[in-house]
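Have the sequence and the 3D view ready, and let's walk through this one together.

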Amino acid sequence: MPHLTTYIGLADHSEKTLADSFRAVANGHAHVADVFHTCHLLAGWSDANREALAPIIERYGEADVDEPERLHAAGLAGARKGEVGLLRDLQDLHVLASLVQTTWTVIAQGAQGLRDRDLLDLAQHANGQTSRQLTWLNTRMKTAAPQALIVAP
Amino acid sequence: MIDRIADIYGARTPHARGTVWPARVDQYLDPGVEETDVESWVQSACLLCSNGCGMDIAVKDGRMVGVRGRATDVVNHGRLGPKGLYGSTRWAHSPDRLTRPLVREGATLVETDWDTAMGRIVTRSRALLEEKGPLSHGFYTSGQLFLEEYYTLAVIGKAGLGTPHMDGNTRLCTATSAAAFKESFGADGQPGSYTDIEHCDAIFLYGHNMPETQSVLWMRILDRTRGDDPPRIVCVDPRRTLVAQEAERTGGVHLAPRVGTNLALMNGLTRELFVNGWVDDDWVAAHTLGVDDLRTTVEEWTPEKVAEVCGVDPDDVRRAARIFGESEGVLSTVLQGFYQSHQATAASVAVHNLHLLRGMIGRPGAGVLQMNGQPTAQNNRECGADGDLPGFRNWDNPEHVRQLAEAWDVDVMTIPHWAPPTHAMQIFSYAEAGTIGLLWISATNPAVSMPESARIRRILRGDQCFVVVQDLFLTETAELADVVLPAAGWGEKTGCYTNVNRTVHLSEKAVDPPGEARSDLDIFLAYADEMGFTNRSGRPLIGWRTPEAAFDAWAAVTAGRPVDYTGLSYDRLRGPSGIPWPVNEEHPDGTDRLYTDGVFPTDTDYCETFGHDLATGGAVTETEHRAMNPAGRALLKGGAYTPPHEEPSEDHPLRYTTGRTVYQFHTRTKTGRSADLDRAAPDAWVELSAHDAAERGIEEGDWVRVASPRGAIEVRARIGDVMDGAVFAPFHYGHWEPDESSGGGHADAGNRLANELTMTVWDPVSKQPTFKTAACQVTRLRAGDGPSPAPTTTASAPATAASAPPQRRPRPTAGGGPTTSTELSSTPDYALDPAQSRGAR
């Protein structure tokens, strides 16, 4: 199952990238109180997914294969400034979270085929949590967009 | 003759379960005024808390000189509280009333005429519209205007300008009530009724210090707890309030969770219902969605785990849950201890969950009262000046928006419905950045009431945003404005408002406003006229000139919605009592309680919202809602507990919480101008437990410094019955002071504003700011020369265990002018009262 282990590695890596990026956006927009607190909360959800994945990585091993590497998205090193900057940062987080979500979808399919109940439960739970992250990002972007696009300097 | 400062609740009229609450008429007249001197009594309702007591205003020589409760009103059966008695009319003839408009000239505000003041507003407004469009305008209103005023402003903002930036200070007091209703039941609307008090056998008060916030409702409860077959009281509060003492007296429970841990406690209570089989499975299956997820969410919350997180006794959790699980009828009430605390919406929704799990809703004695803070907060929610759409319409439902566009005869695209309406904290952030360039504040005082005051003052004072304030007085906020407009107040104008349990009252004009002051309705109409807002037919957008015509226009847009006013008119409201909505052909006499058939407004095409993720505020989409197909079933929504945003640390080891006293209302604009009330609670204080005080060498009356990471206050200490580790400060006190003869003249007036310490953070769903969780430290500054100014009659009473030195011993709070209370020998007939023969059970 070399490719499943590759995707398990991808899940671990992309959740870490997402968590780091949520924290970068939180701290970069710390004066926007809801963004600060919610991004820290959502980073914690990605941490929790990785913790739950750890024993499964022990079981399967985490392959370091070249092929899906181009799927690895770079995280956000720092946050942009202002209302338009926030909008773009949220959009970047959405891209990263989408990669996480499709990764969990693919893993769930593999777990079904292998009848690995533990991995399936985890992949489905993690997928649900990623959906909640994406929903918040969507909602927050919709809220921020009019003022940022029309009125902000 | 009764001193209602010392005797807040007056004499008891105890009665047995299931019988009608007796009537007692309370009256106050100014010194020197006899009843025979009163020239007219003008029908109204009290505007000094959210209870909505029916009252008449006494008028003599063109002045308001007193008040009396209306015996025939369903809300109060004639009673009034101390704020209503002593505080309703005194402010009106205060010498510092605003009587002329003011405009800013450099560092000072100077008097001017209306044309000049309105001219400045309109010039700025037009320039901003041209340069940046409608999103450059923001409106921050109140919980104290009349519904005609809110609705008129809502139409101006949503259909005239087209800005989504409209909210009220209702965001600070009642937003969580509305949000919790929407999440559980699909739409706003109080399910229960005050008449539930007469029929229940248990009352749970969650973060609700009712004896101070709604004293007349507390009288109604006391008349049951002191009568035959009394209900047991369960109190959730970190202070040993009068509610807590009544819980002890009735064999109930006082749960004092650590500040910020409400949801952990609620999850524990919910789990107890599941594990003890106190769930009505058939009712839940027929009338709710989500029970399995809720069971999973609360599974880990054993009483022991609750005890560890909340600092309560695990057996108290079991006892409280047993009372909920085994009572025939439970009434729950909820207020700021939940709304202004951490995880506000999730914790308030959890109260609904308990009722839904037991099928305990929609019948006399089994109800929920999510309270409001302010008297007309409900109307702001209904009329849409607070960021909702009028008539509990769903901004995410194109058909609902179309209905409004049709009623207003405007293009649907004008109405800002493409994003959630902007909440107050966000409006102030936009004003801070200057992308809102005109902020219009009516009848509220955010410089005192909003969190992190230093930031709010900076925003209001700065050049980046033009600030308009309309108010009765030059408040701490008005001082920072660019234009100040003098407004007429209660009794000086006509209009309607709706209380916590949906009861609509008409308040008639009793006297003329002073000087050039104008009603808020007339001010909004003047702006609309000057701006020339028109509809698609080219006619004026606002087609009314009088309060009554505004009311009729409002009633028309409520047709077919849960908040149906179509059966109400000024004539109907001139009857013996206020009338609870919905009032329509199906319910011509109004409606005592909602959801008697267990059908909720959750249908996808009818609901006010598709709902949110309680942890993040992420919006549920229409597609997701349709797939869930609630179809009239209520939603059981659980949430995971997370620790508060700011936990105690080495530098700030105590938990800071803010609140109220019975003698003051909001930022004291009215109550501070009644000498009877102001002398009872003349200055700020801070409450510490005896243990925390002793650790710091602090005695009763010592001056102390209370500091959080954001700011500090210097006030006197009351050694009180607050739980160890918690610090309580009243939020009423800004730097404004009445003159010394009325109890003013305090040295600490510039250093006592409780919101200097609070955080800029809000609930993810209701967007209500969190005033009740911050970390702080208290240090002793110097000895005081007497006791602290905290009242002794209520939750701020000195600790029973503390022993103050003789000169510091608190003197009992007293000294209100004479009032009368008359018990009626026969109780009037109250429409819809289930305890009377006419009532529909």
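Leaving aside residues up to four places away in sequence, Pro562(B) touches Ala187(B), Gly189(B), Phe392(B), Pro582(B) and Pro601(B); two residues are in contact if their C-beta atoms, placed from the backbone, lie within 7 Å. This is a predicted model, where local features need pLDDT of at least 70 and side-chain atom pairs count only at pLDDT 80 or more, while totals for chains, interfaces and linings use all residues. Residues are numbered from 1 along each chain as its sequence is written, and chains are lettered from A and ligands numbered from 1 in the order in which they are written.

Where does Pro562(B) sit? Look in the loop between helix H22 (547-557) and helix H23 (570-573) of chain B. Helices here are DSSP runs of H or I with at least four residues, strands are runs of E with at least two, and both are numbered from the N terminus. Pro562(B) is buried, with 23 other C-beta atoms within 10 Å. The cut-offs go like this: a residue is buried if 20 or more other C-beta atoms lie within 10 Å of its own, exposed if 12 or fewer, and partly exposed in between, with C-beta atoms placed from the backbone. Now find Phe524(B), 38 residues from Pro562(B) along the chain: the two C-alpha atoms are separated by 27 Å.

H22 turns up again as part of what covers the buried residues of H17(B), along with helix H3 (147-161) of chain B. In helix H17 (residues 398-408), those buried residues are His400(B), Val401(B), Gln403(B), Leu404(B), Ala405(B) and Trp408(B). Just past H17(B), Asp409(B) takes a positive phi of about 55 degrees.

Zoom out to the whole of chain B, and you'll count 26 helices and 29 strands. Its radius of gyration is 25 Å, close to the 28 Å that the globule rule gives for 841 residues, so chain B is as compact as a globular protein of that length. That radius is taken over C-alpha atoms, and the rule is 2.2 Å times the number of residues to the power 0.38. Buried residues make up 65% of the 841 residues in chain B. Of the contacts in chain B with a separation of 6 or more, 76% come from residues 24 or more positions apart.

Next, a helix pair. In chain B, the axes of helix H9 (residues 262-275) and helix H12 (residues 303-310) come within 9 Å and cross at roughly 165 degrees. Axes are lines fitted to C-alpha atoms, for helices over the stretch in contact, and angles run from 0 to 180 degrees between N-to-C directions. H9(B) and H12(B) are therefore roughly antiparallel to each other, a label for angles over 145 degrees. Ala264(B), Leu265(B) and Gly268(B) in H9(B) meet Pro303(B), Val306(B), Val309(B) and Cys310(B) in H12(B).

Chain A has a pair of its own: helix H1 (residues 2-28) and helix H2 (residues 33-60) pack at an angle of about 160 degrees, with their axes 8 Å apart. That makes H1(A) roughly antiparallel to H2(A).

Finally, see where the chains meet: the contact takes 18 residues from chain A and 22 residues from chain B. On the chain A side, H2 and helix H4 (117-151) each supply at least two residues. The largest share of that side, eleven residues, comes from H4(A).

How values were computed. Parallel < 35°, antiparallel > 145°, perpendicular 65-115°, else oblique.
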